[in-house]
Every structure is written in C-alpha cells, then in structure tokens.
Amino acid sequence: MRRVKPRTPTGRPTRVAELLRERLALILLYKCADPRLKELTLTEVEMSPDLKQARIFYAVRENLDRDLVRIALDKALGFIKQEVAKENLFRLMPEFFFLPDTGLDRAARLERLFEEAKVHKDTKEESEK
C-alpha cells in the first residue's frame with residue numbers, strides 16, 4: 001500500500017486571490033451597469049486551499065447605503081461569475097462570498113478615540129497649570 005504524502009502549502013491560493021481581486025475590480029468598474037458597484041473598493045480576496053471558495057472583502061464609501069450595495073452585489077452575482085468565467089481563470093468556478101470589510105471602520109473609530117484622548121489629555125494639562 002502506497003502512502004500519500006500530505007500536501008505542503010503553496011502560494012497558489014494567494015496568487016490566485018490577487019489575480020481574482022484585480023479582475024473583479026475591473027469587472028465592477030467597467031462592465032457592471034449598477035453605479036453603486038462602481039463605488040466599491042475590493043480590499044482583499046481570500047481563496048480556500050482547494051480554490052473552491054473565495055471570500056471577497058469590500059469597502060463602501062461613507063455616502064453610500066451599505067444595505068443597498070449588498071443588494072446590488074447579490075443581484076449582480078450571476079453576471080460577475082459569468083464575466084470571471086469568460087476570463088478562464090478557473091477550471092471549476094469557485095463560490096463567491098462578498099463580505100463587508102470592517103477593518104477600515106475600526107481603524108477610523110480608533111483614530112477618533114485617539115484624537116479624543118489627546119484632546120482630553122491636553123485640556124487636563126491646561127487646567128492643572
């Protein structure tokens with residue numbers, strides 16, 4: 001009986017994820033008819049090791065309604081997958097999961113907290129003098 005060696009992790013999912021992010025950004029910018037999708041920023045794509053699932057993280061500009069953008073993405077999912085299929089990137093089309101990127105919101109909130117703490121510290125030092 002032949003033993004099967006466990007597969008060593010490669011950088012392939014990372015390379016494919018970056019290529020997919022670039023292609024998706026171009027599709028959303030130039031081929032989608034919905035103007036709300038042109039305002040998205042794709043921040044990251046994570047591929048599963050078997051390339052069957054793609055988690056696509058996006059950021060929405062502050063002036064757009066996040067719920068409407070989510071609905072527009074769900075509505076355009078078939079078209080987006082069709083356009084990716086035309087690119088011949090995959091033998092089997094992965095399942096796409098569009099997820100909002102909360103990292104930018106957290107960073108902005110932390111920045112505001114640091115500014116408030118600095119202002120509070122400055123006013124406290126001024127009152128002690």
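Which pattern does the protein chain follow when read along the sequence? The order is α-α-β-β-α-β-α, comprising 4 helices and 3 strands; helices (H or I, at least four residues) and strands (E, at least two) are DSSP runs numbered from the N terminus. The model is predicted, so that local features need pLDDT of at least 70 and side-chain atom pairs count only at pLDDT 80 or more, whereas totals for chains, interfaces and linings use all residues. Residues are numbered from 1 along each chain as its sequence is written, and side-chain values use heavy atoms, with hydrogens and water left out.

Of the 129 residues in the protein chain, 26% are buried (under 20% relative accessible area, with exposed over 50% and partly exposed in between; 1.4 Å probe, protein chains only). The accessible surface amounts to about 10100 Å², 53% of it belonging to carbon and sulfur atoms (Shrake-Rupley method, 1.4 Å probe; for residues, only the protein chains shown count as cover). Among contacts (heavy atoms within 4.5 Å) with a separation of 6 or more, 59% join residues 24 or more positions apart.

Most residues other than glycine have a negative phi. Leu-51, although not a glycine, has a positive phi of about 65 degrees. Leu-51 lies in the loop between β1 (40-47) and β2 (53-60) and is buried, at 10% relative accessible area. Asn-88 likewise has a positive phi, near 55 degrees, and is placed in the loop between α3 (66-86) and β3 (95-100); Asn-88 is exposed, at 64% relative accessibility.

Within helix α3, Glu-83 is buried at 5% relative accessibility. Leaving aside residues up to four places away in sequence, Glu-83 touches Ile-27 and Lys-31.
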